[in-house]
Amino acid sequence: MREVDATIARRLDSGVPLVGEVARYIISAGGKRLRPVLLLLVCGALGCRSEQRFNLAAVVEFIHTATLLHDDVVDESTLRRGRSTANEVFGNPASVLVGDFLYSRAFQMMVDAGSMRVMQILADATNIISEGEVLQLMNMHDAALDEDGYLRVIRSKTAKLFEASARLGALLAGADPKVEAACAEYGQSLGTAFQVIDDVLDYDGDAEVMGKNLGDDLREGKATLPLILAMRLGSEEQARLVRQAIETGSTEDLPAIAEIVRQTGALERTRAAAADQAQRAIDAARMLPSNEYTDSLLELASQLLLRRS
């Protein structure tokens with residue numbers, strides 16, 4: 001990861017000072033760096049020591065950071081990772097345009113790998129992520145969204161880059177198609193579980209620990225899995241209150257809605273759904289060679305369910 005961070009710092013250089021300032025602001029906020037970590041762990045598990053693993057790990061982090069910049073503008077977010085969002089500090093135009101810079105810089109770096117397959121995987125992933133963003137926008141304030149529709153969004157918007165990161169590790173290692181498919185399955189399942197748990201924490205988390213405002217999903221009118229299940233499992237009155245909050249984007253009844261999510265068992269069911277996805281990731285990782293890197297992939301999937309931030 002030190003090599004990846006050095007690559008990120010080097011490739012953030014731009015002749016336009018504001019570009020580097022905004023990009024460094026959001027990247028220096030920290031974050032889990034899960035996507036580059038995933039790529040490096042898969043490379044390690046499969047015995048790959050190519051220098052390109054650092055370049056592509058930085059690429060997936062740039063793509064992820066670009067989506068965060070655009071997300072925060074669309075969602076009108078003010079807090080991320082415990083501090084003001086880039087759009088709050090620098091304004092919406094700078095955030096959108098620097099997000100575009102990070103996308104284009106990522107595509108410049110992809111060329112360095114000299115592989116059409118690498119470019120295809122990352123181009124497809126970026127396109128699907130964008131489609132997921134638009135799908136989510138279309139679903140805003142739609143209380144009729146079902147579980148399948150919810151999963152379609154998060155598998156496009158969040159899990160796809162996890163999948164691409166793991167697949168790239170396998171590709172760099174020259175893995176056979178069966179192993180590559182197992183790595184992709186691991187990434188998609190891990191990314192899905194990650195987002196499902198994130199949606200749980202919006203109603204069962206600590207704002208200080210998470211570094212973001214609780215209830216943001218509700219304010220944005222997102223029908224996440226805890227709310228979808230609460231409407232299905234709750235009484236008519238409970239379902240009406242949740243439906244109204246999604247449709248209006250009001251957080252006025254957030255404490256009551258959080259209590260409904262708990263009382264109906266929606267939180268437990270949502271956590272169970274995340275556990276199912278984590279188990280799928282574990283099963284996929286067990287197809288890789290047995291070594292310390294694979295052990296870390298297994299631990300990552302099992303520990304994901306315990307995350308509080």
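**Reading cavities, helix packing and ring pairs**

Guide: α2 and β2 (83–84) each give at least two residues to the lining of the largest cavity. Helices (H or I, at least four residues) and strands (E, at least two) are DSSP runs, numbered from the N terminus. This is a predicted model: local features need pLDDT of at least 70, side-chain atom pairs need 80 or more, and totals for chains, interfaces and linings use all residues. Residues count from 1 along each chain as its sequence is written, and side-chain values use heavy atoms, without hydrogens and water.

Visitor: Which residues lie closest to the centre of the second largest pocket?

Guide: That pocket has a volume of about 220 Å³. H70, D71, V74, S130 and E133 are the closest of its 13 lining residues. α4 (52–75), α6 (92–112) and α7 (116–139) each supply at least two lining residues.

Visitor: At what angle do α15 and α16 cross?

Guide: Two packed helices are described by the angle between their axes and the distance between the axes. The axes of α15 (residues 266–285) and α16 (residues 292–303) come within 9 Å and cross at roughly 170°. That makes α15 roughly antiparallel to α16 (over 145 degrees). In contact (heavy atoms within 4.5 Å), A278, A281, I282 and A285 of α15 meet T294, L297, L298, A301 and S302 of α16.

Visitor: How many aromatic pairs are there?

Guide: Rings of Phe, Tyr and Trp (its six-membered ring) pair if their centres lie within 6.5 Å; planes over 60 degrees apart count as edge-to-face. By this rule there are two pairs. The Y25 and F90 rings have centres 5.5 Å apart and planes at 80°, so this pair is edge-to-face. The pair links distant parts of the chain: Y25 in α2 (residues 17–27) and F90 in α5 (residues 86–90) are 65 residues apart.

How values were computed
Axes are lines fitted to C-alpha atoms, for helices over the stretch in contact, and angles run from 0 to 180 degrees between N-to-C directions. Angles under 35 degrees count as roughly parallel, over 145 as roughly antiparallel, 65 to 115 as roughly perpendicular and the rest as oblique. On a 1 Å grid over the protein atoms alone, a cavity is a set of points where a 1.4 Å probe fits but cannot get out, and a pocket is an open set with protein on both sides within 12 Å along at least five of seven lines; lining residues have an atom within 4 Å of a point. Grid points are joined across faces, edges and corners, and a volume is the space filled by probe spheres set on the points. Rings of Phe, Tyr and Trp (its six-membered ring) pair if their centres lie within 6.5 Å; planes under 30 degrees apart count as stacked, over 60 as edge-to-face and the rest as tilted.
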